[in-house]
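Hello,

Here is the structure I said I would pass on. My notes on it follow below.

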Amino acid sequence: MKLTIVAATGGIGRHLVEQAVAGGHDVTAAARRPRDLPDGVHTVAVDLTRPDMPTLTAAVRGADAVLSALGPRNPRADAGITSHGTRAIVAAMQAERIRRIIIVSAAPVGPVPVPGRPTPPRHDPGDGFLMRHLGVRLTHAMFGRHYAALAVTEQTLRDSGLDWTVSRPPKLTDKPLTGTYRTAWNRNIRGGFSVPRADVAHHMLAMVNEPETVEQVVGIAT
């Protein structure tokens with residue numbers, strides 16, 4: 001399968017590239033500074049803060065699916081890169097008539113309002129008492145701009161007409177791949193406080209061939 005992986009040198013992106021190559025996929029890796037990637041990977045330099053649309057369009061051309069691990073290096077400083085960059089990715093895919101896209105969001109995003117969904121549920125249905133009454137307030141106080149940008153990102157996909165899937169993990173860790181994790185559609189994982197980046201990548205790759213995940217938000221946690 002031909003895959004384009006965006007933000008290929010980030011925490012989840014590197015795992016996506018390595019696992020996709022190990023799985024025998026034809027991989028195009030797009031990143032601001034693509035380097036130290038496995039042999040045989042086609043690399044494309046593209047800065048999603050100021051996307052060169054011809055370059056980005058060429059990067060997705062002919063892909064069976066696009067997987068985006070795009071996110072800010074500093075959630076407080078450059079949160080908008082995710083929404084801005086995803087709009088560019090969607091435009092490039094629409095231009096090339098590429099339909100399948102899977103992106104990484106975050107577990108706290110569900111209750112965040114956006115213009116297309118001004119009155120979301122007050123709490124995610126998968127959150128327990130502590131998360132609803134303490135965890136959500138704390139995380140939004142610290143990273144509110146980041147989650148607002150992710151909510152806009154998700155809305156961009158809902159409006160895109162593409163075959164999209166959103167992965168919503170909680171706290172990400174650098175523990176090794178386990179291949180063992182819990183998932184749930186349209187809700188967070190009760191008691192799921194963290195998950196390895198490698199497992200998020202593993203699940204994103206698995207969902208490429210799961211048509212039942214199209215137009216679904218999928219929670220994942222250890």
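Of the 222 residues in the protein, 50% are buried. Please keep in mind that this is a predicted model. The protein has five helices and 10 strands. Its exposed surface comes to about 10,500 Å², with carbon and sulfur atoms supplying 53% of that area. Among contacts with a separation of 6 or more, 69% are between residues 24 or more positions apart.

I looked at two helix pairs.

The crossing is right-handed. On the α1 side the contact is made by G11, I12, H15, L16, Q19 and A20, and on the α5 side by R197, A198, V200, A201, H202, M204 and L205. By class, these residues are eight nonpolar, four polar and one charged.

The other pair is α2 (residues 53-60) with α3 (residues 81-96), which pack at an angle of about 60° with their axes 9 Å apart. These two helices are therefore oblique to each other. α2 and α3 also cross in a right-handed sense. From α2, the contact involves M53, L56, T57 and V60; from α3, it involves A88, I89, A91, A92, M93, A95 and E96. Here the division is nine nonpolar, one polar and one charged.

Regards

Key
Residues numbered from 1 in each chain as written. Predicted model: local features only at pLDDT ≥ 70, side-chain atom pairs only at ≥ 80, totals over all residues. Heavy atoms only, no water. Axes fitted to C-alpha atoms, helices over the stretch in contact; angles between N-to-C directions. Helix = DSSP H or I, 4+ residues; strand = E, 2+ residues; numbered from the N terminus. Parallel < 35°, antiparallel > 145°, perpendicular 65-115°, else oblique. Left-handed = near helix turned anticlockwise from the far one by under 90°. Contact = heavy atoms within 4.5 Å. Nonpolar A, V, L, I, M, F, W, Y, C, P; charged D, E, K, R; others polar. Buried < 20%, exposed > 50% of the residue type's maximum accessible area, 1.4 Å probe, protein only. Areas by Shrake-Rupley, 256 points an atom, 1.4 Å probe, with all protein chains shown as cover.
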